[in-house]
Amino acid sequence: MLHRTRTARALPALLLTAVVVPSLAACSDPGANAAPGASPSAARNGITYNTSPEQHRIRDQKDPAAAAKVPAAIAQDGKLTVATSAGSIPLSFHATDDKTPVGSELDIAQLVADKLGLELDIKVTSWESWPLKTQSGEVETVFSNVGINADRVKLFDFSGYRAAFMGFEAKKDSTLTVNGADDVSGQKISVGSGTNQEKILLAWNKELEAKGKAPAQLEYYANEADTILALSSGRTDLNLGPYPSAVYRANTRDDLKVVGKVNAGWPSTTLVAAVSKRGNGLAPALTAALESAIKDGSYGKVLERWGLSEEAVPSSETITAEDFAATEGAKK
């Protein structure tokens with residue numbers, strides 16, 4: 001069944017852990033500029049990250065059943081218009097030519113477009129702009145490490161495709177380990193405005209203040225390059241951002257490491273998902289395409305290519321405001 005409500009049973013065991021001690025490696029804005037430190041050679045985790053414009057993406061065959069679900073108004077131009085923020089390796093970033101958008105998010109978008117029999121039309125936009133552009137119809141869907149939350153489901157429908165983890169990063173010589181709110185007390189933490197990371201840290205600060213402990217000091221940055229520069233220079237103690245990007249940096253740089261991990265839906269769990277305008281009928285088609293790619297193995301190959309196999313999910317699911325509300329209500 002392609003449309004299912006968001007239940008813990010539908011998710012792999014790895015999604016049920018809210019916070020995990022650092023051993024490896026959103027969701028949210030991946031940033032506005034790719035972080036420094038990209039390496040064309042094999043990283044320490046054995047992944048060779050292709051940052052060139054010549055991607056030779058994994059392609060797939062059209063799935064007639066999935067394609068039949070695309071609303072006529074969206075299918076008529078033969079394109080799937082996808083917004084992405086192109087800000088963070090390995091998720092979505094500009095290649096070495098500084099203009100071609102590449103990354104795991106776009107590889108998955110390509111699979112979906114192939115399954116739906118549509119041409120992939122990528123539109124690079126800022127994190128702040130994707131909601132308005134999706135609502136206005138300027139773009140049809142978003143593949144940009146967007147996590148599902150209670151506010152977003154009021155305006156958008158979602159098709160889940162990846163575990164939504166975030167990672168705490170620190171300098172290599174840091175003694176910090178983050179397992180929960182107590183571990184960030186008094187620390188300077190960089191974060192993006194309007195993100196799930198910010199929501200979690202603000203909630204943790206309330207916990208700390210209720211205990212009479214010093215809250216974390218949140219430092220806001222508009223792009224990843226500035227964020228990582230602040231961390232590496234010691235102006236901040238921690239960064240909380242997309243886990244895949246934290247893992248990438250830990251394996252391609254000598255000055256940073258992952259010191260904690262949290263699900264973007266804390267204290268519950270959530271998913272990274274393709275976004276579509278609420279009620280426009282595209283979400284079931286996106287879900288069907290993702291489900292087809294999962295079943296035929298192309299989805300797994302894309303995640304393996306970018307070192308993201310840890311975040312694979314066993315199936316896709318459509319999540320609407322009604323599904324989300326019902327699931328949240330069941331937890332109370």
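Visitor: Before we go on, where do the numbers come from?

Guide: The model is predicted, so local features need pLDDT of at least 70 and side-chain atom pairs count only at pLDDT 80 or more, while totals for chains, interfaces and linings use all residues. Residues are numbered from 1 along each chain as its sequence is written, and side-chain values use heavy atoms, with hydrogens and water left out.

Visitor: What joins E9 to E11?

Guide: Two bridges, in the parallel sense. In E11 (residues 238-242), Leu 238 is the bridge partner of Ile 189.

Visitor: Why is Thr 236 called buried?

Guide: Buried means under 20% relative accessible area, exposed means over 50%, and partly exposed is in between (1.4 Å probe, protein chains only). Thr 236 has 3% relative accessibility, so it counts as buried. Thr 236 is in the loop between helix H6 (224-232) and E11. Leaving out residues up to four places away in sequence, Thr 236 touches Lys 188, Ser 190, Glu 219, Tyr 221, Ala 230 and Leu 231; touching, or contact, means heavy atoms within 4.5 Å.

Visitor: And why is Ala 214 called partly exposed?

Guide: Its relative accessible area is 41%, so Ala 214 falls in the partly exposed class. Ala 214 lies in the loop between H5 and E10 and touches Ser 185, Gly 186 and Leu 208, not counting residues up to four places away in sequence. Ala 214 and Asp 182 are 32 residues apart in sequence, with 9.3 Å from C-alpha to C-alpha.

Visitor: How do you know that helix H8 has the span its residue count calls for?

Guide: The expected span is 1.5 Å times one less than the number of residues. For the 14 residues of H8 (residues 283-296) that should come to 20 Å, and the end C-alpha atoms are 20 Å apart, so the two agree. Just after H8, Gly 297 takes a positive phi of about 95°.

Visitor: What makes you say H8 is mostly covered?

Guide: Of its 14 residues, 11 are buried, including Leu 286, Glu 291 and Ile 294. For the chain as a whole, 56% of the 332 residues count as buried.

Visitor: What counts as a nonpolar core here?

Guide: A set of buried Ala, Val, Leu, Ile, Met, Phe, Trp, Tyr and Cys residues joined through side-chain atoms within 4.5 Å. The largest such core has 77 residues, and those with the most contacts inside it are Leu 116, Phe 158, Phe 168, Val 184, Trp 204 and Leu 238. H8 gives the largest share of this core, seven residues. Apart from that core lies another, of seven residues, among them Ala 163, Tyr 243, Ala 250 and Val 258. In soluble globular proteins, nonpolar side chains tend to be buried together.

Visitor: Which residues does Leu 116 contact?

Guide: Leaving aside neighbours within four places in sequence, the list for Leu 116 includes Lys 62, Val 70, Ala 285, Leu 286 and Ala 289.

Visitor: Is Ala 86 buried or exposed?

Guide: Ala 86 has a relative accessible area of 1%, so it is buried. Its phi is near 45°, a positive value in a residue other than glycine. His 56 has a positive phi too, near 50°, but His 56 counts as exposed, at 73% relative accessibility.

Definitions and conventions:
Helices (H or I, at least four residues) and strands (E, at least two) are DSSP runs, numbered from the N terminus. Two strands pair if DSSP finds at least two bridges between them.
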